[in-house]
Amino acid sequence: MYNLQKFRLPYRDDTAFSLLVFCVLLLPITFSLFSYENFESVKFSLFLILTGASGVAFFFKQTKEEYSLIRYNKYFYYLFGLLGFWAILATVFSMDRVYSVFGFYYRYTNGLIFYAVVLLFAYLLVNLLNSERLEFLLKVLIFSAVLVSIVTYLQSFGWIFYAGLDIGGIFRGPSLLGNPNFSAMFLAVILPFTLYFISSAKLRGSKIYYSLSAFIIILAILLLASRGALLALAASVVLALLLLSIFKFPKKVFYSFLLLVFIAFVVGFYLLNIS
């Protein structure tokens, strides 16, 4: 009989960190059919709820159980303070303070509330992360990126679309971030981490999983056809190959990644031509 204990969430005893994990997992893939824009409202609400709950759990644990904080350079907090001060200053002198505080529908990332929650999110990461937890969060992000990529394929061939989503004049599906450019840039940022896990994984099954993930992500970026993301993809590939060369990884890793990129580009351009 299988031991179901091993399928339980790691770090589940740390409520604050577990909530951040769910935030990182769910934000890229969450959408709703009950709002006009389908994406922004539900993602922003989820970000507020999970980050706020994580902050409450963190500060409660800190005072009651003397949570051991990781020490960081004080200039990092100076940067936090300057960003927060600039956001407050922009709100005070704004011509429309209501929009400056809450953002406007549906671009909540322009508001003071968003900046405040981002600073809280970053503060929690600074105080909760160590190298093992960082690797775990990156694995979660790769999993989310694979899901975003799969939806990209389905939308590119017209197999699924969201009810009520206006795609007039857009030949590319928005995937799960509501805009093909946003989805493509998210995938381009995650791609280099797959190379790290390909080179560091000990098990053959893990290497295969991360190699397939890299292939799926590259292919999805090509199908989304975002010019900015394609430039980021090219930069990521060049940087990855340089790092493989500089740090003298095994040649099979270097050539395997190069072959993976080449195959993904060939397949991607072929699908673009027939879709």
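How much accessible surface does the chain have, and what share of that surface belongs to carbon and sulfur atoms? The accessible surface comes to about 16,500 Å², and 70% of it belongs to carbon and sulfur atoms. Accessible areas here come from the Shrake-Rupley method with a 1.4 Å probe, and for residues only the protein chains shown count as cover.

Before you select anything, note that this is a predicted model: local features need pLDDT of at least 70, side-chain atom pairs count only at pLDDT 80 or more, and totals for chains, interfaces and linings use all residues. Residues are numbered from 1 along each chain as its sequence is written, and side-chain values use heavy atoms, with hydrogens and water left out.

**Stop 1: the whole chain**

Show the chain as a cartoon. The secondary structure comes to 10 helices and 0 strands. Helices (H or I, at least four residues) and strands (E, at least two) are DSSP runs, numbered from the N terminus. Now colour by burial. Of the 275 residues, 41% count as buried. Buried means under 20% relative accessible area, exposed means over 50%, and partly exposed lies in between (1.4 Å probe, protein chains only). Contacts come next; a contact means heavy atoms within 4.5 Å. Among contacts between residues at least 6 apart in sequence, 70% join residues at least 24 apart.

**Stop 2: the largest nonpolar core**

Select Phe186 and Leu187. They have the most contacts inside the largest nonpolar core, which has 56 residues. Several elements give two or more residues to this core, among them helix H1 (15–26), helix H2 (40–65), helix H7 (180–200) and helix H9 (227–246). H8 gives the most, with 11 residues. A nonpolar core is a set of buried Ala, Val, Leu, Ile, Met, Phe, Trp, Tyr and Cys residues joined through side-chain atoms within 4.5 Å.

Stay on Leu187. Leaving aside neighbours within four places in sequence, Leu187 is in contact with Ala145, Val148, Ser149, Ile217, Ala220, Ile221 and Leu224.

Move on to Leu224, in helix H8 (residues 204–224). Leu224 counts as buried because its relative accessible area is 1%. Draw a C-alpha distance from Leu224 to Met185: the two are 39 residues apart in sequence and 9.7 Å apart in space.

**Stop 3: Val146**

Select Val146, in helix H6. Is Val146 buried or exposed? Val146 is buried, with a relative accessible area of 11%. Not counting residues up to four places away in sequence, Val146 touches Ser213 and Ile216. Val146 and Ile216 are 70 residues apart in sequence, yet 6.7 Å apart in space, C-alpha to C-alpha.

**Stop 4: the salt bridge**

How many salt bridges does a search of the whole structure find? The search finds 1. Select Asp14 and Arg133: their closest N and O atoms are 3.1 Å apart. The pair links distant parts of the chain, with Asp14 in the segment before H1 and Arg133 in helix H6, 119 residues apart. Asp14 and Arg133 are both buried. A salt bridge is a side-chain nitrogen of Lys or Arg within 4 Å of a carboxyl oxygen of Asp or Glu. Side chains of opposite charge can pair when their charged atoms come close.

**Stop 5: aromatic rings**

A search of the whole structure finds 10 aromatic pairs. Select Phe44 and Phe114. This pair is tilted, at 6.4 Å centre to centre and 35° between the planes. Phe44 sits in helix H2 and Phe114 in helix H5, 70 residues apart. Both Phe44 and Phe114 are buried.

Now try Phe58 and Phe59. Their ring centres are 5.1 Å apart and their planes lie at 75°, so the pair is edge-to-face. Phe58 counts as buried at 1% relative accessibility. Phe59 counts as partly exposed at 37%. Rings of Phe, Tyr and Trp (its six-membered ring) pair if their centres lie within 6.5 Å; planes under 30 degrees apart count as stacked, over 60 as edge-to-face and the rest as tilted.

**Stop 6: Thr51**

Select Thr51, in helix H2. Thr51 is buried, with a relative accessible area of 0%. Not counting residues up to four places away in sequence, Thr51 touches Cys23, Val117, Leu120, Phe121 and Leu124.

**Stop 7: a surface patch**

Finish outside. Select Phe85, Trp86, Ile88, Leu89, Val92 and Phe93, which form a nonpolar patch on the surface with about 680 Å² of accessible area together. Patches are made of residues with over 30% relative accessible area and no salt bridge: like charges are joined within 9 Å, nonpolar side chains (Val, Leu, Ile, Met, Phe, Trp, Tyr) within 5 Å. Pick out Leu89, in helix H3 (residues 74–92). Leu89 counts as partly exposed, at 32% relative accessibility.
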